[in-house]
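Here is a short report on one protein structure. Look at the model first, then read on.

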Amino acid sequence: MYSFLKADDPKDAPISMPYKAAGLSDRQAAAHLLSRFTYGAMPGQVDEVVKTGVVKWFEKQLTGRQKDDSLKQLLAQYDLISYSNEQVSKVFPRGGQLVRMAIAEGVIDKDSVGTQNRKEYKGKLDSFMTAKGFKPERELFRQFINQKIYRAAYTENQLQEVLTDFWFNHFNVSMTKNDCAKFIPGYERDVIRPNVTGKFENLLLATAKSPAMLLFLDNFTSTGSNQNMDAETPRQAGKVLSKPDPMKRTLQQKTTKIKKNSQGLNENYAREVMELHTLGVDGGYTQQDVTQAAGILTGWTIYPMGDYGKTVAIQKIIDRIGEDKLAERGFVRDGDFLFTPNRHDNSDKVVLGKTFKGNDGYQEGVQLLRMLAHHPSTAKFISRKLAVRFVSDHPPASLIDKMAKTFAAKDGNIEQVLITMVSSPEFWSKTALREKTKSPFELAM
């Protein structure tokens with residue numbers, strides 16, 4: 001058995017890999033680690049891991065700090081994947097938005113849309129895009145997909161890349177949903193990638209506040225039915241001065257479906273954050289908990305970016321109130337995220353038996369997500385999902401229990417959960433070797 005104690009945190013458990021007790025040689029152990037935590041062993045890499053030591057190799061992979069100079073050179077050609085979400089909003093207009101701008105500037109006639117010669121019509125729009133410095137979204141997506149392939153094939157920090165793919169799938173957003181698609185490169189870069197071995201709570205909060213997730217699951221439109229989206233909610237030091245009208249409908253009476261361009265409560269994100277992101281489908285929550293959680297997360301939306309149509313109404317509110325007065329009015333900005341108190345349901349709610357005060361505003365949502373991140377069902381659900389990904393499709397309950405215990409004891413520290421996993425005999429069992437089937441992408445890499 002080999003062990004390595006991380007010098008920067010003596011309180012953490014040592015990394016131990018009991019593969020010899022399982023009857024594995026050094027080469028078999030190295031091959032197993034490379035199979036699980038990389039996109040495939042390069043020629044001679046098994047020998048390199050044996051020479052380095054399996055524990056030291058894994059520890060280096062956990063830090064994710066190995067030089068990637070050759071990869072950086074390959075990625076240098078992809079300038080668009082470094083664009084901020086605001087830049088993306090300005091440079092990649094949607095089709096309808098582009099047409100409206102072209103009409104406004106007299107490039108095409110409103111009455112002729114759809115009736116012109118298709119080639120001529122497209123030529124005018126292409127010329128307009130070039131003149132304005134606009135680019136087609138397909139170019140952004142091409143660069144995003146290409147960089148993913150290059151990273152998987154050539155990065156020296158393979159575990160970081162495998163985990164980025166794992167967490168991206170866990171907190172899934174789809175490029176097939178047009179509203180969120182252009183924000184996905186920034187989502188992977190700024191939200192997923194930096195948090196893959198950190199605390200689960202931080203990863204959960206970051207995804208909840210990202211434009212890609214807010215748009216994908218429609219939480220950016222979710223509004224308390226007793227709120228006026230264009231009203232200026234009077235606040236002082238973050239406290240609501242006016243009490244909610246008791247005659248207004250209660251949260252339980254609010255609709256869970258909203259028509260296009262209408263206001264109302266939307267449960268999509270609240271349901272998914274419980275079922276797929278934290279507690280799991282058998283995590284002990286009810287439909288009532290989903291509805292109440294959705295009310296807690298009303299007002300979580302996107303800070304206006306350029307001329308992006310979905311945020312025009314919010315920009316008008318900001319212009320009226322004044323950027324410098326937003327905080328005292330109860331608005332909270334964090335990068336591309338904005339909490340708008342005028343959209344928030346300020347009634348009290350109860351989720352999983354815990355009461356949340358509606359007048360806590362933004363903090364009400366933060367408290368909910370933190371509670372979900374640290375719930376025992378979440379510890380077991382996340383631990384099992386990691387074990388399925390890295391050990392076997394049907395991991396032993398004993399392994400899941402160990403990982404969940406670490407999750408709870410280490411404040412949801414993903415790195416420590418992974419260390420518990422590789423330090424467990426179950427990870428090294430001969431029945432787990434070569435048991436995992438690779439996805440088409442993994443196999444290609």
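The expected span of a helix is 1.5 Å times one less than its number of residues. Helices (H or I, at least four residues) and strands (E, at least two) are DSSP runs, numbered from the N terminus. This is a predicted model, where local features need pLDDT of at least 70, side-chain atom pairs count only at pLDDT 80 or more, and totals for chains, interfaces and linings use all residues. Residues are numbered from 1 along each chain as its sequence is written, and side-chain values use heavy atoms, with hydrogens and water left out.

**Helix α1**

Helix α1 covers residues 26-37 and has 12 residues. At 1.5 Å a residue, α1 should span 16 Å. Its end C-alpha atoms are 16 Å apart, so the two values agree. Some residues of α1 are buried (under 20% relative accessible area; exposed is over 50%, partly exposed is in between; 1.4 Å probe, protein chains only). They are Ala29, Ala30, His32, Leu33, Leu34, Arg36 and Phe37.

**Nonpolar cores**

A nonpolar core is a set of buried Ala, Val, Leu, Ile, Met, Phe, Trp, Tyr and Cys residues joined through side-chain atoms within 4.5 Å. The largest one has 95 residues. Met17, Phe37, Phe58, Trp167 and Trp300 touch the most other members. Helix α17 (residues 362-373) gives the most to this core, with 7 residues. Another core, of 9 residues, lies apart from it and includes Tyr121 and Phe128.

**Salt bridges**

A salt bridge puts a side-chain nitrogen of Lys or Arg within 4 Å of a carboxyl oxygen of Asp or Glu. The whole structure holds 24 of them.

| Pair | N to O distance |
|---|---|
| Lys349 and Asp345 | 3.7 Å |
| Glu364 and Lys349 | 3.1 Å |
| Lys402 and Glu426 | 3.0 Å |

Glu364 in helix α17 and Lys349 in strand β8 (residues 349-351) are 15 residues apart, so this pair links distant parts of the chain. Both Glu364 and Lys349 are buried. Lys349 has 0% relative accessibility, and Asp345 is buried with 0% as well.

Is Lys402 buried or partly exposed? Lys402 is partly exposed, because its relative accessible area is 33%.

Glu161, Glu188 and Arg193 are linked in a network of salt bridges.

**A loop residue**

Thr197 is found in the loop between α11 (184-192) and α12 (200-208). Thr197 counts as buried because its relative accessibility is 15%. Its contacts (heavy atoms within 4.5 Å) include Leu62, Gln160 and Asn413, not counting residues up to four places away in sequence.
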